[in-house]
Amino acid sequence: MDSKGIEYSDALQFTDNEEGIAVRAICDLKEGDVVASIPKQACLTVKTSGARHVIKETELAGPIALCVAVMYERSLGPLSPWAGYLQLLPEADCLPLLWSADDVDSLLGGTELHEIVKEDKALIYEDWEECILPLMNSASLKLDPEFFGIDNYFAAKSLIASRSFQIDVYHGFGMVPLADLFNHKTGAEDVHFTSVSCHLDSDNDVDIENDDASYSSTVDEPFTQSSPFRNSDEGNSSVDSCNLEKSSNSEENPMFLEMIIVKDVKSGAEVFNTYGSLGNAALLHRYGFTEANNPFDIVNIDLELVVKWSLSLFSSRYSRARLSLWRRLGYSGCVSQNSEYFEISYDGEPQVELLVLLYIILLPDETYHKLDLAVPTAGDFAKSLNMILSKKRTIKSGTDSERKDLLLTKRVRDSLLSLANIRESFYGSDSLEDDIDLLKRCCRIRERKLYHSLMLRVSERTILKQLRVYASRSSKSTKRSYPLRKKFKWT
């Protein structure tokens, strides 16, 4: 690594075994120790790649442009400045994105990832067809089609998804040699990756479209303000460069990135990075692995599923009216792309928005009509709910626990049980106990896909089990039930 100016402490030891590369401390490390310095020039980015002129000419940007840079450098073989680094990388990382369609269906069926991965694969193929295929067919660019095919593009996409870092505004995301060797552990971060200069308030204040016509390997002008290495969509380091003390080297030279120990590490211990506070679905999706007992695991219940449940009990008109009232009260679920959903947390607690919706769906007609009339005129939704639903208490203020207790009537709890059972059915006929037994007999190294998909299934199904416990609980607050309808309107 010295050939590209990368320096790292002799207190670090890099080990390689059948589980992959790990970084260990061979002596005690103290908070604030700088253990590595990486020139930005050593990072493989859209700005440093030999393909930068092609990328600029074709007006590609973002992850697609970085994929082109990676594929181009791979096509150069030993002539690439990153040849040594690229040889250390696998051809592709084992992400669900690269699994066969049969594996996606059989291993991820019912999980949060199943439909997401299928959509991802389709979108990435479209990107290749629209953006990469024309490059291959362009005689003037003279690109070797052997390195730009659909399989090459998926492979590059997997490496970028699992290994790229946000470097700074000028470079954007890139591959950072050495930095991607540190493994993730939730809640056990030992090292931060930092850049320099925190004088800007926002990346939006910087013109990202810098003119790079004069950029070369000998450029000596300083780069623009760095941004955090990790965001919620891509890259793999959780960094707030403004909160870390800079060494004298980084203050003097903004061309470098530094790796700084953020808590004491004992000799012999592995030095961990953290990729963020991510549940197993996100970890498997982006990085290809899962963690046992991950406190950030969640299960989603789609609004569409709640609506279908409502339609199984009530008329379409009835269900639409109750959903409309819920929205007029200012409520909504989580939204991602075209999907709206409710999160069930690690301990089985549902979002209060789901409880409010179920409560409104199950309101007696007389109470519903009073609330429906009160909402447009009252002007204060919390006051309306206080008046109609709880007399002297509000579900728009107070703690989540207080609001949830108020909403947990027996019929709402029964509805949660029904939704949990419907969501559970997505996993097929095998029980949670069957999955746990198979996971115990599965080899994490030889059966990696099966192991991590089972970890995801078990973690999600355990949350649904906890949701049933939550819905079945008996509490003092849930005994204060509201007047029930004598007769449902069935379809």
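I started at Gln351, which touches Cys334, Tyr341, Phe342, Glu343 and Lys404, leaving aside residues up to four places away in sequence (contact means heavy atoms within 4.5 Å). This is a predicted model, where local features need pLDDT of at least 70 and side-chain atom pairs count only at pLDDT 80 or more, while totals for chains, interfaces and linings use all residues. Residues are numbered from 1 along each chain as its sequence is written, and side-chain values use heavy atoms, with hydrogens and water left out.

I then looked up where Gln351 sits: in the loop between S12 and helix H11 (352–361). Helices (H or I, at least four residues) and strands (E, at least two) are DSSP runs, numbered from the N terminus. Gln351 counts as buried because its relative accessible area is 16% (buried is under 20%, exposed over 50%, partly exposed in between, with a 1.4 Å probe and protein chains only). From Gln351 to Tyr341 I noted 10 residues in sequence and 9.8 Å in space, C-alpha to C-alpha.

Next came strand S9 (residues 256–261). 6 of its 6 residues are buried, so S9 is largely enclosed by the rest of the structure. Phe256, Glu258 and Ile260 lie on one side, and Leu257, Met259 and Ile261 on the other. For my own reference, side chains in a regular strand alternate between the two faces of the sheet. S9 runs antiparallel to strand S4 (residues 34–39), joined by 5 bridges, with Pro39 opposite Phe256. Strand S8 (residues 191–194) also pairs with S9 in the antiparallel sense, over 4 bridges, and Phe193 has Met259 as its bridge partner. Two strands pair if DSSP finds at least two bridges between them.

I also checked an open sheet of 3 strands, ordered S5-S7-S6 with antiparallel pairing. Its edge strands are S5 (44–45) and S6 (164–168), each pairing on one side only. S5 meets S7 (residues 172–175) over 2 bridges, and Thr45 has Gly174 as its bridge partner.

Last, the largest pocket: which residues lie nearest its centre? They are Glu112, Leu113, Ile116, His285 and Ser336, out of 49 lining residues. On a 1 Å grid over the protein atoms alone, a pocket is an open set of points where a 1.4 Å probe fits, with protein on both sides within 12 Å along at least five of seven lines; lining residues have an atom within 4 Å of a point. The largest share of the lining, 8 residues, comes from H5.
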